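Hi,

Here is the structure I said I would pass on. Have a look at it first, and my notes on what turned up follow below.

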Amino acid sequence: MVIPKFSEKAQAIVDDYEAHIKAGFNPLPIPIVKADNAKLLDMDGNEYIDFLSFFAVANMGHSHPKIVEAACNAIKDCPLVNTAFINPSYAKLGVKINEILGYSRTICMCSGADATDTATKIARKWGYTKKGIKDGESFILTTSACYHGLTISTHSFASTRRDVFGPYVPNVGSTSPSGVFVEYGNIESLQKAIEADHERISAFMVEPIQGSAGIVDPPKGYLKQAFDLCKKYNILFIADEVQTGLGRAGALLKSFDEDINPDLVCLGKALAGGVAPLSAVIGNSEVMDIIDHGDIGSTMAANPPATAAAVAALEVLIDEDICAQSKEKGEILKKLLLDANCEEIIGVSGSGMLRAVILNPESINDKFNGARLASFCAANGVLVNSAGGGKRVRICPPPTISEEDLRKGVEIFINCVHTLKDVSGPILGVK
Ligand SMILES: Cc1ncc(COP(=O)(O)O)c(C=O)c1O
């Protein structure tokens with residue numbers, strides 16, 4: 001094992017964290033202090049190959065010098081210009097997004113959940129002002145097992161909600177106003193819902209590949225069929241590309257790969273190259289120009305370090321052909337995983353560098369499952385993540401990873417798959 005025991009200093013930090021910090025995503029007790037492309041270092045200098053990118057963020061690699069420099073210069077020059085004034089790099093970002101993705105209007109916020117919440121507001125207003133939906137009735141349709149964030153509005157989209165946070169935001173979710181449940185990837189269920197309730201539905205929001213559900217691919221053609229249905233019934237198609245976009249799944253937008261130009265696209269995660277929180281809703285004038293000043297905003301949204309970093313990140317996206325890197329290395333990754341012929345692995349999902357290993361249900365037990373495999377891998381120097389309730393393991397390295405690290409990481413991962421069943425007791429605190 002790479003980490004038999006942490007130093008006292010590192011352990012003290014882990015203890016402080018556990019004593020004082022709440023929420024988050026059940027962190028492994030590894031205090032990370034340095035990041036460089038696809039390598040992370042903990043406080044004791046242990047090195048990890050990053051096969052997770054902090055949930056698909058580091059599309060341009062960690063700490064890309066050009067992106068870091070842009071953010072640092074902005075911090076030194078003028079760290080904050082809020083949207084009551086003009087932040088020049090926000091203007092540059094709008095131009096860059098138009099140039100690269102073909103959408104002429106951009107609204108930046110901070111988190112991915114901010115972006116999907118913002119898209120909901122835009123779609124609701126569009127529903128009332130353009131589609132003529134009656135006051136209070138505008139509905140945003142989602143799908144089963146979707147993940148669009150964890151704020152009260154975005155958590156309301158989910159098909160399984162946690163009872164303790166109710167009441168949720170009404171008129172959103174995967175069950176249509178008249179009660180038709182929309183299953184992800186099932187075009188018939190979407191058609192039924194839209195046919196029944198299209199007069200009330202402003203928008204359909206969907207992840208082109210479901211991320212948090214465990215990198216779940218829809219059937220081929222599903223997204224185009226869904227898009228065509230939306231167009232037929234005058235419903236906005238919102239692609240939540242917070243996780244799939246900007247090269248992660250092998251294309252600028254996964255929607256483009258499916259021949260779709262969504263009405264609205266939500267971006268986040270990699271938008272500022274992983275150096276600052278930044279998200280966006282992008283669209284064209286027909287929809288976006290219904291938004292007035294004061295409708296949407298946040299004090300720290302679109303701040304100079306984040307927007308300067310984003311301009312640099314989008315340049316890197318093009319200059320270093322992150323999409324091609326993602327596609328090519330994603331195929332190598334898939335092949336290496338499948339060629340290992342492990343009985344515990346029955347498939348590899350996703351595209352580009354957004355992947356998951358599907359575990360064999362017959363292999364899953366108290367000793368062998370996604371959560372224990374992820375912590376065993378971490379203990380052996382590779383970071384991955386359990387997804388889909390422990391039935392899958394999410395693997396999404398930075399597309400800029402070297403082929404040598406990619407191969408080494410897969411070798412360690414497969415070794416962990418082979419040996420985990422012989423390991424008893426908690427691994428890095430995971431039972
Ligand atoms: C598709 C999708 N939408 C929205 C979000 C929420 O983003 P954030 O965690 O930045 O709020 C996520 C996060 O994983 C996501 O995968």
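Predicted model: local features only at pLDDT ≥ 70, side-chain atom pairs only at ≥ 80, totals over all residues.

In helix 8, the buried residues are Y222, L223, A226, F227, L229 and C230. Their directions span an arc of only 160 degrees around the axis, so they sit on the same side of helix 8.

After helix 8 comes N234, which has a positive phi, near 55 degrees.

Helix 7 (residues 187-197) can be read in a similar way. Its buried residues are I187, S189, L190, A193, I194 and D197. These cover an arc of only 160 degrees around the axis, and therefore fall on the same side of helix 7. On the face turned away from that buried side you'll find the exposed residues E188 and K192. Covering the buried residues of helix 7 are, among others, strand 5 (139-141), strand 7 (201-206) and helix 8 (222-232). One more detail from the start of helix 7: a side-chain oxygen of N186 comes within 3.0 Å of the backbone nitrogen of E188.

Next, a helix pair. Helix 12 (residues 322-339) packs against helix 14 (residues 403-419) at an angle of about 25 degrees, and the two axes are 10 Å apart. Angles under 35 degrees count as roughly parallel, which is why helix 12 is described as roughly parallel to helix 14. Their crossing is right-handed. On the helix 12 side, the contact is made by K329, I332, L333, L336 and L337. Helix 14 contributes E403, L406, R407, V410, F413 and I414.

Most residues other than glycine have a negative phi, and most peptide bonds are trans. Which residues are joined by a cis peptide bond? G166 and P167 are, with omega at about 0 degrees. P167 is placed in the loop between helix 6 and strand 6.

F54 is not a glycine, yet its phi is positive, at about 50 degrees. This residue belongs to helix 2 (residues 53-56). Is F54 buried or partly exposed? Its relative accessibility is 44%, so F54 counts as partly exposed.

L428 also has a positive phi, near 50 degrees, and is a residue other than glycine. You'll find L428 in the segment after helix 14. Buried means under 20% relative accessible area, so L428, at 19%, counts as buried.

Last, R162. It lies in the loop between helix 6 (152-155) and strand 6 (172-173). With a relative accessible area of 49%, R162 is partly exposed, since exposed would need over 50%. Leaving aside residues up to four places away in sequence, R162 touches H155 and Y168. The C-alpha atoms of R162 and I412 are separated by 36 Å, and the two residues are 250 residues apart along the chain.

Cheers

Note on methods: Residues numbered from 1 in each chain as written. Heavy atoms only, no water. Buried < 20%, exposed > 50% of the residue type's maximum accessible area, 1.4 Å probe, protein only. Helix = DSSP H or I, 4+ residues; strand = E, 2+ residues; numbered from the N terminus. Arc of directions from axis to C-beta. Contact = heavy atoms within 4.5 Å. Polar contact = N/O pair within 3.5 Å; in protein donor to acceptor, adjacent residues only side chain to side chain. Axes fitted to C-alpha atoms, helices over the stretch in contact; angles between N-to-C directions. Parallel < 35°, antiparallel > 145°, perpendicular 65-115°, else oblique. Left-handed = near helix turned anticlockwise from the far one by under 90°.
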